[in-house]
Amino acid sequence: MFGFSLSSTEPDSIAHIIQVALAPAFLLSALATLLNVFSTRLGRISDKVDALSAEAAKATSAEAARLGRRLTFLRRRSFVLDLAVVLASLGGSLIGMAVLTLFVGALRDAATASILFACFGAALVCTVAAIGAFMAEILMAGHGIRDEVDHQKDKVPAQG
């Protein structure tokens, strides 16, 4: 499959296995960075929910309805981020399985190539889907900010 086997004790064949395993390791590192970003954004959403909830407790009925809509919007954003986290985590797990399969694949089992291809391919699909979910969440955040700005502009009397 990769032109080497563990039956030879040549350092070159072991070095080749490690070189081939490095590409998935870099992708795993990138996924860990993405998960850190997702976690930070989820924390910010949580802080906003806490602040809006405290604000809603002492708001008028009209203001409480607006805050309720904002809370619903933040709930949707958190759901999309949850999806991104699940997909990135699944992608990371599949990369780990792909690397493990790579090392086991050095035993030259014909089914190993199929498992490696499936794990790494699925990891790439999950990674792309996680990035797509993250993009959707960012777009939702921008939309929410624009709505809030519009609402605040409506409250300020026009000067002229």
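Sort residues like this before we start: Ala, Val, Leu, Ile, Met, Phe, Trp, Tyr, Cys and Pro are nonpolar, Asp, Glu, Lys and Arg charged, and the others, Gly among them, polar. You're looking at a predicted model, where local features need pLDDT of at least 70, side-chain atom pairs pLDDT 80 or more, and totals for chains, interfaces and linings take in all residues. Numbering runs from 1 along each chain as its sequence is written, and side-chain values use heavy atoms, without hydrogens or water.

Now select R66, R69, R70, F73, G144, D147, E148 and H151, which line the largest pocket (an open set of points on a 1 Å grid over the protein atoms alone, where a 1.4 Å probe fits, with protein on both sides within 12 Å along at least five of seven lines; lining residues have an atom within 4 Å of a point). Helix 2 (61–105) and helix 3 (110–155) each give two or more residues to that lining (helices are DSSP runs of H or I, at least four residues, numbered from the N terminus). By class, the lining has one nonpolar, two polar and five charged residues.

Next, colour by pLDDT, the predictor's confidence in each residue from 0 to 100. The protein averages 78, and 76% of the residues score at least 70.

Last stop: F134, in helix 3. F134 counts as buried because its relative accessibility is 14% (buried means under 20%, with a 1.4 Å probe and protein chains only). Show its contacts, V37, F38, R41, L81 and A84, leaving out residues up to four places away in sequence (contact means heavy atoms within 4.5 Å). R41 sits 93 residues from F134 along the chain, yet their C-alpha atoms are 9.8 Å apart.

Definitions and conventions. Buried < 20%, exposed > 50% of the residue type's maximum accessible area, 1.4 Å probe, protein only.
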